[in-house]
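Subject: Structure handover

Dear colleague,

Here is the structure I said I would pass on. Notes on what was found in it come after.

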Amino acid sequence: MPTPWSPSSWKGKPVAQDVEYPDQGELSKVLSKLSTLPPLVTPSEIERLRQQISLVQRNEAFLLHAGDCAESFDACTHENITSKIGLILSFSLILIWGARKPVIRIGRIAGQYAKPRSSNYERVGDKQILSFRGDNVNGLDPSDRTPDPQRLLNAYFHSTTTLNYVRSLLTSGFASLHHPRDWSLVHVRSPALRQEFEAIVEGLSDALDFSRTIGVEAGQSTYEHGGGKDVLGEIDFYTSHEGLMLPYEETLTRELPIPSANQSSSETSKAHYNTGAHFLWVGDRTRQLDGAHVEYFRGIRNPIGIKVGPTMGVDEVVRVLDVVNPDKELGRVTLITRYGAKKIEEHLPGHIRTVQASGHPVAWICDPMHGNTQTSSSGLKTRHFNNIISELTACLRIHTECGSRLGGVSLEFTGELSEDGFSVTECLGGSMELKEEELGLRYQSFCDPRLNFEQSLDIAFLMSNHFKK
Ligand code: PEP
Ligand code: MN
C-alpha cells in the first residue's frame, strides 16, 4: 500500500538539489503569500493536455516541447516572448506539414527559472562561491549568490506576466496562418530555408481555403481531437517547467474539482493540480525513486515528464512508472530520453523493451540536447548540430526497430536576437555552418546553449521530411 500523499509529503524524503535559505522566517512569509495567489492555469486546461498527450501515446499527434534552458527576469520582454512563440509556431507548422498530424505545443516558458547544478559551488578567480541556481533562487552576478526567498515571488509574477502576454498574443490572431511572416521569419537569412518555409505556408493556406470553400471550418479537426475548447485562443499552447523547487510547487498545488466530461454527473471528484504550469517534468538529477521529487510528482494530476539519462537502470524506469502512475492512466506520463549521441544505442532499446513489457502507457520524447553538451576550446558551453541530429535520427530508428514510436521532441532553442539583430551563436554547425571561432560573437545564454532560429528550422525540416516518407 502506498503511504498517504499530500502536497507537503515530499518533506519526509531526501531533497536532491535542495536550497538552503539563510532566513527561514522570510521564506515562510513568501510561501504563505504564494499559497494565496491565484492559479496560472486551470484544471480544464490541464485535463485537455492530458487528453492530447494520450493522442500522442496512440500515435495520433506529435509533441513539441521547446524553449530556453532557463528563462531570466531580464529577458521577460515583449520582443523575446514574441520571438519564442513565433519559433515554436514555425517549427510546429513544418512538422504538421510533414507528419500530417496535429502537433501539441508545450513551451519551456512562464516559470522555467530554476536550474539543477552538478556542484553547489563554483570557483570565481581565487574564490569559491555558491553556484547560480536560476533567477528564482539567486543572481547570476557573483556578488548575488545568497538564496533570496523574494525571488520566488518575483518568479511567480514574471510567470504570470509572460503567460498573460502569450495568451493575448494567441487570442489576437498572431498564430493565424495569415500572419506566419510575423513569426520572425524576416531574420532567416538563408534564401533556401525561407523558400522552403514559404512553400509550406502557401500549401497550408491553400488547403485551408479549400476546406472553407467546401464548408469545413479550419480548426474543426483539432477540436474533435482535443475534446473541448481551445486553450489559449486560436491554437493550443501549453506551459511547462522543471518541478525543481518543491516549496514553490507546493504553494501552487491546489485541490480542485476534476472538470467532468459528463456534466450531468452529480458526484464531483477532486484532485491536486499544480496550477503553476500545465506540464511539469522531473529532471535527470532529481528522479531518485525514494527522493522528494518523485514523491511530489506522484500526487499531482498534471501530465508529467520524466527525464531518462544513461544512468537510469533498465528496470528502474518501470519502478518509477509504477510509483507515479500505478493505475497506468493514459495521458499521464511522458518519458524524455537524453542519453547523448554516443550512448543512445546502448540504453534506449533496453528502456523501450522493459516499458513495453510492463504495459505502462507512455509518450516517448527525444531530448537530443542534454546528452550532447561540450566545451569549446575557448571555454564556452556548446552543442554540435551533428550530434543533436545523430541522437535524434538514432532515436527515430531505434523506436521503429523495437516496434515503438517516437512521439515528440524536446529542444532548447530560441528565436531571440542579439542587439544588432542577428541570431544567437551558441550551437555549432547547421545549414549556416556556425564555426567555433564564431561562438563568441552573439553568445547570450547564461545557461545551456540553444539552437538559433535557422538551426531550429533545419531540425524541423529534417523531421518533417522523415515523416513525409
Ligand atoms: C533541462 O532540461 O534543462 C535539464 C537540466 O535537463 P536534464 O535534467 O535532462 O539534465
Ligand atoms: Mn538545459
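Predicted model: local features only at pLDDT ≥ 70, side-chain atom pairs only at ≥ 80, totals over all residues.

Residues are numbered from 1 along each chain as its sequence is written, and chains are lettered from A and ligands numbered from 1 in the order in which they are written.

An unreviewed UniProt entry lists C69, H370, E412 and D448 under "binding site"; such annotations may be inferred rather than shown by experiment. These positions spread over 380 residues of sequence, yet they cluster in space, with a largest C-alpha distance of 9.8 Å.

E412 counts as buried because it has 26 C-beta neighbours inside 10 Å (buried: 20 or more other C-beta atoms within 10 Å; exposed: 12 or fewer; partly exposed: in between). Beyond four places in sequence, the contacts of E412 include C69 and D448 (contact: C-beta atoms, placed from the backbone, within 7 Å). D448 has 18 such neighbours inside 10 Å and therefore counts as partly exposed.

Helix 9 (residues 316-324) and helix 10 (residues 344-358) pack at about 40°, with axes 9 Å apart (helices: DSSP runs of H or I, at least four residues; axes: lines fitted to C-alpha atoms over the stretch in contact, with angles from 0 to 180 degrees between N-to-C directions). The two helices are therefore oblique to each other (under 35 degrees is roughly parallel, over 145 roughly antiparallel, 65 to 115 roughly perpendicular, the rest oblique). V317, V318 and L321 in helix 9 meet H351, T354, V355 and S358 in helix 10.

Regards

Note on methods. Contact = placed C-beta atoms within 7 Å.
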